[in-house]
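Here is a walk through one protein chain, taken a piece at a time. Have the viewer open while you read.

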Amino acid sequence: MLKMEVVNELTLKVTCDGQGVLFSKAGAFIGGECYGGKNYQFEKVLLGPSGNPLQAALGQLGRRFTGENLPLMKVTSRGQNVTYYANEAQHVVVLNLQPGQRLSVESENLLAFTNECKYSVRFLAQGIISQKGLATSTLEAIGYNAQVAVLCDGNPIVLNNMQNGSTLTADPDATVCWMGADPGFKLDLSWKNLIGQASGESYMFEWTKQAAVVVQPNERVSGIDIGMDGRGGSPNRQENNLFREDGNQGLNNMGGLGNILGGFIRS
């Protein structure tokens, strides 16, 4: 059995008390210790963590097509040991999933997960032209020891409307992961976007159903820039715009209600 915990905010510690299988971002291992000879080994995952070759091949194609491709390695332990994982000094958060719970996470923010998680890529079908938004990596708990470690650029915060039913909004470039309902998109487009006079927050993820959302204080850089203010360089995703042929600027919330139990984050 494996147990995940965070050490000094930046490192994932995984303790194995006998046998266990961990999937992690390839190259994330930084050190380890075991009692006696080395009793853990690394194996490159060519097609994905699925045990079915056909499903694994289809999953690999889907991840490459959607930009959610994640190089993984399999860590198999046969004895008591402790291993450590990190990625470019990013902050680490451990999430505990109950059977049936589903976590949606950006592939670049995924550090590791236990074998009790089913990994797949899911289409959100939101129709946004950007680096992310069309699909997301999904981890569903299929056992009672389902844990996921995610990466954040800086200390994260959690937005949660489970108790008060409030509406949650988050910048897609700052969103790390969420549990519960999928987000819709809230667009705010006008002629000002064309002349560089927009607020810079042209569209957002929006949750009107129950969800818990982890966001980071550093925004990714992605997408295209159609502004005319001559800034140049790579814009943030919230500065992008979507021009639909039917002129409809609203997108429907495609999410379903998920069950979330309290205390799923371990720091």
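## Ground rules

This is a predicted model, so to speak of a local feature takes pLDDT of at least 70, side-chain atom pairs count only at pLDDT 80 or more, and totals for chains, interfaces and linings use all residues. Residues are numbered from 1 along each chain as its sequence is written, and side-chain values use heavy atoms, with hydrogens and water left out.

## The chain overall

The chain has 267 residues, and 48% of them count as buried. The scale is relative accessible area with a 1.4 Å probe and protein chains only: buried is under 20%, exposed is over 50%, and partly exposed is in between. Take the contacts between residues at least 6 apart in sequence, and 79% of them join residues at least 24 apart. Here a contact means heavy atoms within 4.5 Å.

Let's start with the pairings of β2. Two strands are said to pair if DSSP finds at least two bridges between them. As background, strands of a sheet pair through backbone hydrogen bonds, either parallel or antiparallel.

Strand β1 (residues 2-7) runs antiparallel to β2, and six bridges join the two. They make a hairpin with three residues between the strands, and N8 in that turn has a positive phi of about 55°. At this pairing, V7 sits opposite T11 of β2. With β5, β2 pairs in the antiparallel sense over 14 bridges, and G18 faces G79 of β5. There is also an antiparallel pairing of β2 with β8 (residues 110-114), over three bridges. In that one, F23 has F113 of β8 as its bridge partner.

Leaving out neighbours within four places in sequence, T11 is in contact with E5, V6, I30, Y84, Y85, A86 and V92. T11 and L151 are 140 residues apart in sequence, while their C-alpha atoms are 9.8 Å apart in space.

V6, one of those contacts of T11, is found in β1. V6 is buried too, with a relative accessible area of 19%. V6 and V93 are 87 residues apart in sequence, and from C-alpha to C-alpha they are 6.9 Å apart.

## The cavity

The structure holds one cavity of 30 Å³ or more. To find cavities, a 1 Å grid is laid over the protein atoms alone, and a cavity is a set of points where a 1.4 Å probe fits but cannot get out; lining residues have an atom within 4 Å of a point. Grid points are joined across faces, edges and corners, and the volume is the space filled by probe spheres set on the points. For the largest cavity, the volume is about 40 Å³.

Which residues line the largest cavity? They are L2, V14, L22, V75, S77, N81, T83 and Y85. The elements giving two or more residues to this lining are β2 (11-25) and β5 (72-85), and β5 gives the most, with five. By class, the lining has five nonpolar, three polar and no charged residues. For these classes, Ala, Val, Leu, Ile, Met, Phe, Trp, Tyr, Cys and Pro are nonpolar, Asp, Glu, Lys and Arg are charged, and the others, Gly among them, are polar.

Have a look at the loop between β5 and β6 (91-97), where E88 is found. E88 has a positive phi of about 50° although it is not a glycine, and at 72% relative accessibility E88 counts as exposed.

A89 is found in the loop between β5 and β6 as well. Its phi is positive, near 60°, and A89 is not a glycine either. At 55% relative accessibility, A89 counts as exposed.

## A three-stranded sheet

Further along there is an open sheet of three strands, in the order β13-β16-β15, with antiparallel pairing. Its edge strands are β13 (168-170) and β15 (184-187), each pairing on one side only. Neighbouring strands in this sheet are turned by 35° against each other on average, direction ignored. Such angles are taken between N-to-C directions, from 0 to 180 degrees, with axes as lines fitted to C-alpha atoms (for helices, over the stretch in contact).

β13 and β16 (residues 203-207) pair in the antiparallel sense over three bridges. Within this sheet, L168 stands opposite W207 in β16.

Technical notes:
Helix = DSSP H or I, 4+ residues; strand = E, 2+ residues; numbered from the N terminus. 1 Å grid on protein atoms, 1.4 Å probe; cavity = no way out; pocket = protein on both sides within 12 Å on 5 of 7 lines; lining within 4 Å.
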